[in-house]
Amino acid sequence: MVLCQPSNLVRAFLRRAAQAGRFFEVLAVSESSAAGDALAKACPGCRVTTLPHASAFAVAARATLAVLACDYVLADGALAAPPGGRLLAAAARAHGVPVL
């Protein structure tokens, strides 16, 4: 799973999945390693690796799911994602990886 700017909802999903015995390798694409460290502490059942935005295209090829955080959704279905979201979405599309 590749995710951009992990949110509280994503953290809750990963915690619940870890409690159910599911294991995820998470590649957190973020501008700072602090976001990846916080995600690793919140989700002890997951192996978290923090990567810079520039490597999103390279890691999207081996991902099974890309998760984007969302600041807000407009009435026409468009959304505002945090920095790096568009790059991750384009990389996932190029490699045929579903985006959530």
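Reply: The largest nonpolar core has 14 residues, a core being a set of buried Ala, Val, Leu, Ile, Met, Phe, Trp, Tyr and Cys residues joined through side-chain atoms within 4.5 Å. Those with the most contacts inside it are Leu3, Leu14, Phe24, Val26, Leu39 and Cys46. Two or more residues each come from α1, β2, α2 and β3; helices (H or I, at least four residues) and strands (E, at least two) are DSSP runs, numbered from the N terminus. The model is predicted: local features need pLDDT of at least 70, side-chain atom pairs count only at pLDDT 80 or more, and totals for chains, interfaces and linings use all residues. Residues are numbered from 1 along each chain as its sequence is written, and side-chain values use heavy atoms, with hydrogens and water left out.

Leu14 touches Met1, Phe24, Val26, Leu39, Cys43 and Cys46, residues up to four places away in sequence not being counted; contact means heavy atoms within 4.5 Å. Within α1 (residues 8-19), Leu14 is buried along with Val10, Arg11 and Ala17 (under 20% relative accessible area, exposed being over 50% and partly exposed in between; 1.4 Å probe, protein chains only). The buried residues of α1 fall within an arc of 130 degrees, taken from the directions from the helix axis to the C-beta atoms, so they line one face of the helix. On the other side of α1, Asn8, Leu9, Arg16 and Gln19 are exposed. Cover for the buried residues of α1 includes β1 (2-4), β2 (24-29), α2 (33-42), β3 (46-51) and β4 (66-68).

In α2, Leu39 is buried, as are Ala35, Gly36 and Ala42. These buried residues of α2 span an arc of 125 degrees, so they too line one face of the helix.

Notes. Expected span 1.5 Å × (residues − 1).
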